[in-house]
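This briefing is intended for a reader meeting the structure for the first time. Please keep the sequence and the 3D view at hand while reading.

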Amino acid sequence: MNYIVFDFEWNNAYDYKAQKGMNEIIEIGAIKLNSQFVVEDTFKQLIKPQVSRRLSGRVKELTNISLSEIKEDGIPFEEAIRDFSRWAGTDETVFMSWSNSDLYVLVSNFIRFFKTTNVYFIKKYMDAQKYCQYFLNIPKGSQISLANCADTLALNINEENLHRALEDCVVTAKCVKKLYDDKLISQYIHTCDEDFFGRLAFKPYCIDVPVTEHYNVYKERLVCPACSGKARIIGEVECVNKSFKALCTCEKCKKKFWAFIRAKKTYDGVSVNKRIVPISKHRKIKDSNK
């Protein structure tokens, strides 16, 4: 099996056309590895930013990339991607990056410049960070940086060269090679199709309108906390702290209660959490006087 380790440097920009911020890729770095993790070829390309003409101070400090360097050696993103995909080839190569944030940024740039989420030349992908963290017993929910992983594995690297795309690729390859397990690595390799990239690009969000094309809060199945009878929403529904608050009544025992319903739109549909709260005596008297 052959591998391509890739890494991007990006600039924080505000896309006035889409009315939102984005991470615009300004450098691509990649290395080709054979099955023994020997470097066979490299790719490096600066990209002229189109969304923002300025580089943030953090990016310049972290990467030492300058606008003059980009103006001299950079090319448009669309051209850089065509060159990168030709260099990568069409073989069933496994693409690899340190965390999937680079892949997420690539998809977001594809949406901006190519109007699609499908990164057509990546057929298989592996998150090198997740793979290495398995061996290092990193607690679930925590992450280890590339530099700290290399330090933990006692790898000889020059940290001053980190945060440039090509150099980060080399260090990532060294970390994976140090922990290589032929049987285990296959468990971290994902097949990439349009669904894979669409799922990666989708951002779950809380629904804050009672009736939408995806969801209708009035159709929620509610159960009375007193008698387990069927209940229904009465009156208006309001959204409080990203949850719907609704006054409900039981069709069987006629008791009233509050229902707090949080509906989140996910890539696969809508997930719903419900909480039933009895009405206090004071609030009950207040509602009955309406």
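The model is predicted: local features need pLDDT of at least 70, side-chain atom pairs count only at pLDDT 80 or more, and totals for chains, interfaces and linings use all residues. Residues are numbered from 1 along each chain as its sequence is written, and side-chain values use heavy atoms, with hydrogens and water left out.

**Helix H4**
- Helices are DSSP runs of H or I with at least four residues, and strands are E runs of at least two, both numbered from the N terminus.
- H4 spans residues 101–114, and its 14 residues reach 19 Å from first C-alpha to last.
- Its buried residues (under 20% relative accessible area, 1.4 Å probe, protein chains only) include Asp102, Leu103, Asn109 and Phe113.
- Among the elements covering the buried residues of H4 are strand E1 (3–15), helix H3 (77–88) and helix H9 (194–201).

**Nonpolar cores**
- A nonpolar core is a set of buried Ala, Val, Leu, Ile, Met, Phe, Trp, Tyr and Cys residues joined through side-chain atoms within 4.5 Å.
- In the largest core, of 33 residues, Ile28, Phe84, Phe95, Leu106 and Ile122 touch the most other members.
- E1, E2, H3, H4 and H9 each supply at least two residues of this core.
- A second, separate core of 29 residues includes Val94, Ala128, Cys132 and Leu146.

**Arg164**
- Arg164 lies in the loop between helix H6 (146–152) and helix H7 (165–178).
- Arg164 is buried, with a relative accessible area of 14%.
- Leaving aside neighbours within four places in sequence, the contacts of Arg164 (heavy atoms within 4.5 Å) include Asp7, Glu9, Glu27 and Glu69.

Conventions. The expected span of a helix is 1.5 Å times one less than its number of residues. Buried means under 20% relative accessible area, exposed over 50%, partly exposed in between (1.4 Å probe, protein chains only).
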